[in-house]
Amino acid sequence: MATTFLSKTFSGAGTRTKYTISVWVKRAAIGSTQCIFSAGTGANNYMEIAFNGADDRFYWHSYSNDGSNYDYNLSTTRRFRDPSAWMHIVCAFDSTQGTASNRQKIYINWVQETVFSTETYSGSYSDYAFNNILHEIGQAVGAGSRFFDGSMAHFHAIDGTTYAASTFAETDSTSGIWKPKTAPSVTYGTNGFFLKFENSG
């Protein structure tokens with residue numbers, strides 16, 4: 001199991017009601033809970049984007065400050081059990097949307113997920129564990145556990161704007177394979193960033 005992760009706390013807040021995470025992942029193993037990205041202050045206040053180890057579903061949730069319930073919680077019914085395949089994952093958050101189901105959107109390999117085993121959306125104009133707080137790629141924030149085991153590439157964190165999967169990737173005209181866009185047209189915002197992960201540095 002890999003135990004490598006990246007960690008950063010931003011010095012100032014950006015936009016907390018609107019953001020997008022886009023990343024390509026290739027799992028090295030299944031059967032364990034593996035966190036792709038998380039933000040928060042610890043066990044009772046965090047946001048997490050991860051694969052569930054019990055049946056290898058994908059989930060995105062936020063745990064409340066009092067640790068008693070989820071602020072929002074989306075868990076797919078689809079299962080992801082192929083460690084040989086690259087997947088493109090996009091999570092777009094916009095709590096300013098009037099319709100609850102538009103406040104969080106998950107795209108996996110260009111397809112928006114619409115069927116969930118658990119489906120609870122953010123409150124209107126709510127902000128949770130994102131921006132001006134501890135952020136970690138590759139493990140559950142501050143937990144020293146749920147490490148991601150595999151490879152990542154083209155990690156985009158967008159502060160203040162939501163984008164669809166087609167912003168970051170496209171279908172190859174020859175092979176028909178979904179592939180990353182090398183220079184997507186995006187605005188990263190105050191605390192946004194791009195990590196290509198093209199080498200060990």
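1. Thr76 is buried, because its relative accessible area is 0%. Here buried means under 20% relative accessible area, exposed over 50%, and partly exposed in between (1.4 Å probe, protein chains only). This is a predicted model: local features need pLDDT of at least 70, side-chain atom pairs count only at pLDDT 80 or more, and totals for chains, interfaces and linings use all residues. Residues are numbered from 1 along each chain as its sequence is written, and side-chain values use heavy atoms, with hydrogens and water left out.

2. Thr76 sits in strand β6. Strands (E, at least two residues) and helices (H or I, at least four) are DSSP runs, numbered from the N terminus. The Thr76 side chain reaches the backbone oxygen of Arg78 at 2.9 Å. Setting aside neighbours within four places in sequence, Thr76 is in contact (heavy atoms within 4.5 Å) with Arg57, Phe58, Glu113, Val115, Phe116 and Ser117.

3. Now the charged pairs. A salt bridge is a side-chain nitrogen of Lys or Arg within 4 Å of a carboxyl oxygen of Asp or Glu. By this rule the count is seven.

4. Asp56 lies in the loop between β4 (45-51) and β5 (57-63) and Arg27 in strand β2 (residues 18-27), so the pair ties together parts that are 29 residues apart in sequence. Asp56 and Arg27 are both buried.

5. Asp56 counts as buried because its relative accessible area is 5%. Arg81 has 46% relative accessibility, so Arg81 counts as partly exposed.

6. Which residues are linked in a network of salt bridges? Arg27, Asp56 and Arg81 are.

7. Arg146 lies in the loop between β11 (134-137) and β12 (150-159) and Glu48 in strand β4, so the pair ties together parts that are 98 residues apart in sequence. Arg146 counts as partly exposed because its relative accessibility is 30%. Glu48 is at 1%, so Glu48 counts as buried.

Key: Polar contact = N/O pair within 3.5 Å; in protein donor to acceptor, adjacent residues only side chain to side chain.
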